[in-house]
Amino acid sequence: MGIETEKMFGSWQDVVGQAQLADNLQSAIAHNKISHAYLIQGEKLSGKRMIADIFARALQCECGQVQDERQSTLFDLGMQGEHTLPIENDTGVSMRPGNQGMTNVSMRLDNQGMTNVSMRLDNQGVSGVNVRPCNQCRSCKQAINGNHPDIIYVTHEKPNVISVDNIRQQVNGDIAIKPYSGTYKIYIIDEAEKMNVQAQNALLKTLEEPPRYAVILLLATRAEAMLPTILSRCVLLNIKPVPDDLIKRYLMQRVQIPDYRASICASFARGNVGRAIELASNETFDHMKQSVLGILKNISDMEINQIASEVKTITEEKFDTGDYLDLCFIWFRDVLLYKACGLHGRQEHIIFKEEVSDIASAAKRYSYDTIEKIIHSIDRARSRLAANVNFDLTMELMFLDMKAV
């Protein structure tokens, strides 16, 4: 169950391509230097919520969460009835070696002498902090099941706004109550940019004088939507775009999809791991891809009425317009790459690897100037749709441009 739980609910190993951000949060936990407010900024599906969940679980995790151990040194374990003693071969000390270096030495004296001495070796030096969250302790399981009393998710009824009443009732009116069972009381406010000015001002009062146990995690797609006074009181953590090769490897290993499909999803995700995972498990995306390829392979031979019929299919199937145009662009990008590099070029950069024979045929058919005109036509269609030009007309003109050249 433990392995399945970690896969489902995430651990630090699942934070792909955000090593610096993850290291900063883990370091804050390890050195017991937790700020009262964090703002995690990233686009939709970029992993803001997952990182906040992992961080919240790590803060509340009961694995190795002894405060005095966490702050003590190897020969400063005098608190909570523990005493320092020299370690010699004849003391009966039990040692458990690890991989890198020695940490977490504790000694306890009872009436019989010294017992219960353990050593764990790692590369951190003297430390009593285990890797958290463990996803196994009582606190972690409570958080995973969504019923941890000290991890509060701020909700809002109106879809486009977090009101002042939401903040007053769920944060300001609750934060003075001490934690029920955890070390901290954590508030997670997703879509924080939806807080109106009144709500942000209400939250500001709490951020100015927070209780020592309070941690507020704001998750936002646009930090600029927040008041400067809010930003000045938060540790800002930016989620950066993840390289395609890391996303591709993650999809192949964890989502277990084939190489060519992982390449397509990674390219479409534009550095967004969550978006790539969504595409990998989206049957509509596969259907849309086949529809696009069917048109582009045969566009030169299609009649106008056939083109109009295909455009109507796009509307009926409710395909995502942006993704549809991206697929068109990637197809001609592959054609251009194949034409430039040839049969013996670096074909690992081709995204539609399973369509390489059709790509080769298209590369022979189209000149460089023709491919350039088609790519400009795709960009034109994107701009027209952004300006609310009629969808059917825009798409038909784009396909006719492809057919004409």
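Axes here are lines fitted to C-alpha atoms, for helices over the stretch in contact, and the angles between N-to-C directions run from 0 to 180 degrees. The views below are taken from a predicted model.

**View 1. Helix 14 and helix 16 lie with their axes within 10 Å.** The two axes, of helix 14 and of helix 16 (residues 368-386), cross at roughly 165°. Angles over 145 degrees count as roughly antiparallel, so helix 14 is roughly antiparallel to helix 16. The crossing of helix 14 past helix 16 is left-handed. On the side of helix 14 the contact is made by Thr321, Gly322, Leu325, Asp326, Cys328, Phe329, Phe332, Val335, Leu336, Lys339 and Ala340. Helix 16 contributes Tyr368, Ile371, Ile374, Ile375, Ile378, Ala381, Arg382 and Leu385. By class, the residues of this contact are 14 nonpolar, 2 polar and 3 charged. Residues three or four places apart on an α-helix point the same way, because there are 3.6 residues a turn.

**View 2. Strand 1 pairs with strand 6 and with strand 7.** The pairing of strand 1 with strand 6 is parallel and runs over 5 bridges. In strand 6, Ile216 stands opposite Ala37. Strand 1 (residues 37-41) and strand 7 are likewise parallel, over 4 bridges. Tyr38 has Val235 of strand 7 as its bridge partner, and Gln41 has Asn238 of that strand. Ala37, Leu39 and Gln41 point one way from strand 1, while Tyr38 and Ile40 point the other way. Strand 1 is largely enclosed by the rest of the structure, because 5 of its 5 residues are buried.

**View 3. Ser163 sits in the loop between strand 4 and helix 6.** Ser163 has 19% relative accessibility and therefore counts as buried, the cut-off being under 20%. Apart from its neighbours within four places in sequence, Ser163 is in contact with Asn196 and Ala199.

**View 4. Helix 10 (residues 259-269) has buried residues covered by other helices.** The buried residues are Ala262, Ser263, Ile264, Cys265, Ala266, Phe268 and Ala269. Their cover includes helix 9 (244-255), helix 11 (273-280), helix 12 (283-298) and helix 14 (321-341). Just after helix 10, Arg270 takes a positive phi of about 55°.

How values were computed:
Residues numbered from 1 in each chain as written. Predicted model: local features only at pLDDT ≥ 70, side-chain atom pairs only at ≥ 80, totals over all residues. Heavy atoms only, no water. Pairing = 2+ DSSP bridges. Helix = DSSP H or I, 4+ residues; strand = E, 2+ residues; numbered from the N terminus. Buried < 20%, exposed > 50% of the residue type's maximum accessible area, 1.4 Å probe, protein only. Contact = heavy atoms within 4.5 Å. Parallel < 35°, antiparallel > 145°, perpendicular 65-115°, else oblique. Left-handed = near helix turned anticlockwise from the far one by under 90°. Nonpolar A, V, L, I, M, F, W, Y, C, P; charged D, E, K, R; others polar.
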